Amino acid sequence: MSLKKMEMVREQYLRELRGMREWISGSLIVTARKQGDGIRPFRYLSRSIGGKNRITYVSKKHMGVFEKQLKNGKRAERLFREISELTAKIVKSAHGNAKGGK
């Protein structure tokens, strides 16, 4: 792929990333727990922050919003990886493939 094409693709990915208003990283866990006289569903968002697991309770009415934002988060992570990969290729292409260290 030419340098110009790589820059255009990277810019498209950046525009898409900037256009994403909200996203969440983590996992949505749906389980059950004993509550009162029975077993009830329990939903939470699990995230690793600074090497520690953090959970956030998610009510039934917020499930759809969290699912959408997690999907956006996965897309944002993929875009970030693609942008990083393209940037590395652009730098190598723009500055030549110099051999040796440093």
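**Confidence first**

I started with confidence in the protein chain: it is lowest in β1, with a mean of 93, and highest in β3, at 96. The score is pLDDT, the predictor's confidence in each residue, running from 0 to 100. The protein chain averages 91, and 94% of the residues score at least 70. A reminder to myself: where pLDDT is low, the predicted coordinates should not be read in detail.

Housekeeping: residues are numbered from 1 along each chain as its sequence is written, and side-chain values use heavy atoms, leaving out hydrogens and water. This is a predicted model, in which local features need pLDDT of at least 70 and side-chain atom pairs count only at pLDDT 80 or more, while totals for chains, interfaces and linings use all residues.

**The sheet**

Next I looked up the strands. Helices (H or I, at least four residues) and strands (E, at least two) are DSSP runs numbered from the N terminus. Two strands pair if DSSP finds at least two bridges between them. I found an open sheet of three strands, ordered β1-β2-β3, with antiparallel pairing. β1 (27–35) and β3 (52–57) are the edge strands, each pairing on one side only. On average, neighbouring strands of this sheet are turned by 40° against each other, direction ignored. For such angles, axes are lines fitted to C-alpha atoms (for helices over the stretch in contact), and values run from 0 to 180 degrees between N-to-C directions.

I then went through the bridges. β1 and β2 (residues 38–49) run antiparallel and are joined by nine of them. A32 stands opposite P41 in β2, and I29 has Y44 of β2 as its bridge partner. Y44 in turn has Y57 as its bridge partner in β3. Six bridges join β2 to β3, again antiparallel.

The hairpin of β1 and β2 has two residues between the strands, and G36 in the turn has a positive phi of about 65°. The β2 and β3 hairpin also has two residues between its strands, with G50 at a positive phi near 60°.

**Aromatics**

Which residues make up the aromatic cluster? I get F42, Y44 and Y57 in one cluster. Rings of Phe, Tyr and Trp (its six-membered ring) pair if their centres lie within 6.5 Å; planes under 30 degrees apart are stacked, over 60 edge-to-face, the rest tilted. The structure holds two such pairs. The F42 and Y44 rings sit 5.7 Å apart at their centres with planes at 40°, so I logged that pair as tilted. F42 and Y57 are tilted as well, at 5.6 Å centre to centre and 35° between the planes. This pair links distant parts of the chain, F42 in β2 and Y57 in β3, 15 residues apart.

The cut-offs are under 20% for buried, over 50% for exposed and partly exposed in between (1.4 Å probe, protein chains only).

**Helix and loop**

Last stop: helix α2 (residues 63–94) lies across β1 and β2, at about 150° to β1; contact means heavy atoms within 4.5 Å. S59 lies in the loop between β3 and α2, and its 17% relative accessibility makes S59 buried.
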